Amino acid sequence: EIERCNIEEPTLTYQRAKVTKKTKSFPVQIEDCPMQENSAPKLNIKTFNRVKSSQDCETMCRKKSECAFFEWQKIDGRNGRCIIFEQLILVSGHMNSISGMKRCSNVQELFKNFTCTVIDMKPVLRYVITWRNIPSALDCKQRCHGENNCQSWEWRKVKSDSRTGNCHSYTMDFRKSANSISGPIKCLDQ
């Protein structure tokens with residue numbers, strides 16, 4: 001039997017993490033996660049129609065090894081839509097960019113407040129901050145590790161012949177989505 005993370009109760013609340021623009025002082029101890037040239041962070045999404053409940057959607061998510069989050073949207077009295085959100089990935093095709101993850105395990109830690117589902121919200125990849133004129137991808141990676149809200153980063157040269165680039169940081173978050181229930185494949189116990 002699949003262990004259930006999804007507990008639907010009317011008392012569930014959503015709490016947004018505080019976003020700070022301050023970074024820790026350097027040097028920062030960082031994981032040696034690989035960097036990928038000509039790439040950028042992305043959240044892949046797959047949609048399935050005619051899914052009867054949020055529990056069925058969660059079960060679909062648990063059966064897919066690449067699934068990190070799910071969202072079930074109520075469509076009518078009998079059916080809904082199940083949206084499977086994969087772990088953050090680095091996609092190629094972004095010239096003059098180098099990107100990477102803060103944690104090599106690639107687990108996004110969204111649910112820290114003793115709840116496993118949120119009502120009327122869906123997962124999104126959210127921009128956090130940009131640092132300008134950063135000399136290298138390694139410096140960008142270090143900036144990400146110094147920013148609490150950074151889970152992935154992208155260093156992009158302003159022009160192909162530039163010596164410096166801009167460092168963009170991203171994190172997983174939620175935004176409003178009416179008539180939906182969302183949750184992770186893995187809940188964190190804190």
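The model is a predicted one, so to speak of a local feature takes a pLDDT of at least 70, side-chain atom pairs count only at pLDDT 80 or more, and totals for chains, interfaces and linings use all residues. Residues are numbered from 1 along each chain as its sequence is written, and side-chain values use heavy atoms, with hydrogens and water left out.

Start with the overall layout. The protein chain has two helices and eight strands; these are DSSP runs numbered from the N terminus, with helices being H or I over at least four residues and strands being E over at least two. Going along the sequence, the order is β-β-α-β-β-β-β-α-β-β. Of the chain's 190 residues, 45% are buried. Here "buried" is under 20% relative accessible area, "exposed" is over 50%, and "partly exposed" is in between, using a 1.4 Å probe and protein chains only. A contact is a case of heavy atoms within 4.5 Å. Among contacts between residues at least 6 apart in sequence, 74% join residues at least 24 apart.

Next comes the inside of the protein. A nonpolar core is a set of buried Ala, Val, Leu, Ile, Met, Phe, Trp, Tyr and Cys residues joined through side-chain atoms within 4.5 Å. The largest one has twelve residues, among them Ile 98, Val 128, Trp 131, Ala 137, Trp 153 and Cys 167. Strand 6 (118-134), helix 2 (137-146) and strand 7 (152-157) are the elements giving two or more residues to this core, and strand 6 gives the most, with four. There is also a second, separate core of nine residues, including Ala 68, Ile 83, Phe 85 and Met 101.

Helix 2 deserves a look of its own. Its buried residues are Ala 137, Cys 140, Lys 141, Cys 144, His 145 and Gly 146. An α-helix has 3.6 residues a turn, so residues three or four places apart point the same way. The buried residues of helix 2 pack against strand 5 (97-101), strand 6, strand 7 and strand 8.

A disulfide is a pair of cysteine sulfur atoms within 2.5 Å, and the structure holds four of them. Cys 140 and Cys 167 make one, with their sulfur atoms 2.0 Å apart. The torsion about its S-S bond is about 75°, so this disulfide is right-handed. It ties together distant parts of the chain, since Cys 140 sits in helix 2 and Cys 167 in strand 8, 27 residues apart. Cys 140 is buried at 0% relative accessibility, and Cys 167 is buried at 0% too. Another disulfide joins Cys 144 and Cys 150, whose sulfur atoms are 2.1 Å apart. This link is left-handed, with -100° about the S-S bond, and both Cys 144 and Cys 150 are buried. Cys 61 and Cys 67 form a disulfide as well, at 1.9 Å between sulfur atoms. The link of Cys 61 and Cys 67 is left-handed, at -90° about the S-S bond, and both of these cysteines are buried.

Rings of Phe, Tyr and Trp (its six-membered ring) pair if their centres lie within 6.5 Å, with planes under 30 degrees apart counted as stacked, over 60 as edge-to-face and the rest as tilted. The ring centres of Tyr 127 and Tyr 170 are 6.5 Å apart and the planes lie at 70°, so the pair is edge-to-face. Tyr 127 belongs to strand 6 and Tyr 170 to strand 8, 43 residues apart. Tyr 127 is partly exposed at 44% relative accessibility, whereas Tyr 170 is buried at 16%.

Asp 120 has a positive phi of about 60° although it is not a glycine. Asp 120 lies in strand 6 and is partly exposed, at 34% relative accessibility. Asn 179, also not a glycine, has a positive phi near 60°, and its place is in strand 8 (residues 165-184). Asn 179 and Asp 120 are 59 residues apart in sequence, yet their C-alpha atoms are 5.5 Å apart in space. Leaving aside neighbours within four places in sequence, Asn 179 is in contact with Trp 72, Gln 73, Lys 74 and Asp 120.
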